[in-house]
Amino acid sequence: MPHFRYRMDLQLFAGEKTEKATPKKRSEARRKGQVASSAEIPGALTLLGVLCLFLMLGSFFQERIMRLFGDVLLHGLTMDVTENNVLALFGRYAIQLLLILAPIFIVTLILVFASHYVQHGWLFTWEPLKPKLGALNPVAGLKNLFNVRSLAEFLKSTLKLLVVGIVVYAVLWSQRQRFLELAHVPVQDIFRFAAGLTIRLGMMVAVLLFVLAIGDYYFQKYEHEKSLRMSKQDIKDEYKNMEGDPKIKGKIRERQRQMALMRMMQEVPKADVVITNPTHFAVALRYDGARMDAPKVVAKGQDYMALRIREIARANDVVTMENKPLARALYERTEVGDTIPGDLFQAVAEVLAYVYRLKGRMKA
């Protein structure tokens, strides 16, 4: 019983996701669009960038807006609208609106792309856009409403509203006396005060949202790393998938070895001579003076393989010679397909010369 409990504890420990994700799993997650990213950073940066744009190009926006509304109020209300001039009128107004909005669109696009690139680098994938039928499961939807991530998102939204509300209240309360004085100032001063107060509130809110977004990014990174954790068994399975199952690899190697032996045995009938030990070793040699610089080992074997080589040689009328030192030396110092070592040239040449003389007498 204690041994069984110990095994169960080991299995449970092996199933716990306590290990960091491997590079392969990180790459697969990135390919699916699963990266550590905070949606709050682009929003906060966009708000901050647009407000800074208003501060730098305030005169440009004022001039364009005054020109647009001035033309509408001074000329557009009294002009005769006809089929001929209405298209030209709307075209001119559309160009003026485009000139006003173009800097905002450009800054927004640059900041959004830059914020995403800084968080997780360049990433383009269609995987998150693929429809997932599991998302339509109401049970899974209810579970997602009450998990830790949903609770964290709710707390984050509540904190944002609380911080923004406190900042807006504090700024407006500090200007309460100024609000009472607006009844006695010109309209231009009212607009100027409203614009300055709006920019001030916007900058403060944008900075606070950016600070909260940085904290949210680190939280998302922590959650992402937690979701990528692997158990020891997961790492073993991944290694098996990458390197191959040892059993399958063993079968493949055995099959390759069998095929190599079959090819080797097919070369024995082409040999000129088989040098034996006589029972423990057998080495088959072949030499073609027109295509080879030296004799080559086409087959070799020990014990049972040596017996098979001798049987095949006998069945195909290949000369078999007993030379114990030469057979052992060739077996230990050469591989199939190698040429014989230089110091064995003399011994092999004598064997081949004898074989050629023997074949000559047999032909005669």
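A: This is a predicted model. Its accessible surface comes to about 25500 Å². Carbon and sulfur atoms account for 64% of that surface. Buried residues make up 26% of the 364 residues.

Now the rings. A search of the whole structure finds six aromatic pairs. One of them joins phenylalanine 54 and phenylalanine 61. Their ring centres are 5.2 Å apart and their planes meet at 85°. An angle over 60 degrees counts as edge-to-face, so this pair is edge-to-face. Phenylalanine 54 has a relative accessible area of 32% and is partly exposed. Phenylalanine 61 is at 6% and counts as buried, because the cut-off for buried is under 20%.

Tyrosine 217 and tyrosine 218 form another edge-to-face pair. Here the centres are 5.5 Å apart, with 70° between the planes. Tyrosine 217 is buried, at 15% relative accessible area. Tyrosine 218 is exposed, at 53%.

Ring pairs also build a cluster. Its members are Phe54, Phe60 and Phe61.

Last, the charge. Lysine 300 lies over the face of tyrosine 331. The distance to the ring centre is 4.6 Å.

As for the setting, the protein has 14 helices and four strands. Among contacts between residues at least 6 apart in sequence, 76% join residues at least 24 apart.

Conventions:
Residues are numbered from 1 along each chain as its sequence is written. This is a predicted model: local features need pLDDT of at least 70, side-chain atom pairs count only at pLDDT 80 or more; totals for chains, interfaces and linings use all residues. Side-chain values use heavy atoms; hydrogens and water are left out. Helices (H or I, at least four residues) and strands (E, at least two) are DSSP runs, numbered from the N terminus. Buried means under 20% relative accessible area, exposed over 50%, partly exposed in between (1.4 Å probe, protein chains only). Contact means heavy atoms within 4.5 Å. Accessible areas come from the Shrake-Rupley method with a 1.4 Å probe; for residues, only the protein chains shown count as cover. Rings of Phe, Tyr and Trp (its six-membered ring) pair if their centres lie within 6.5 Å; planes under 30 degrees apart count as stacked, over 60 as edge-to-face and the rest as tilted. A charge sits over a ring if NZ of Lys or CZ of Arg is within 6 Å of the ring centre and within 35 degrees of the ring normal.
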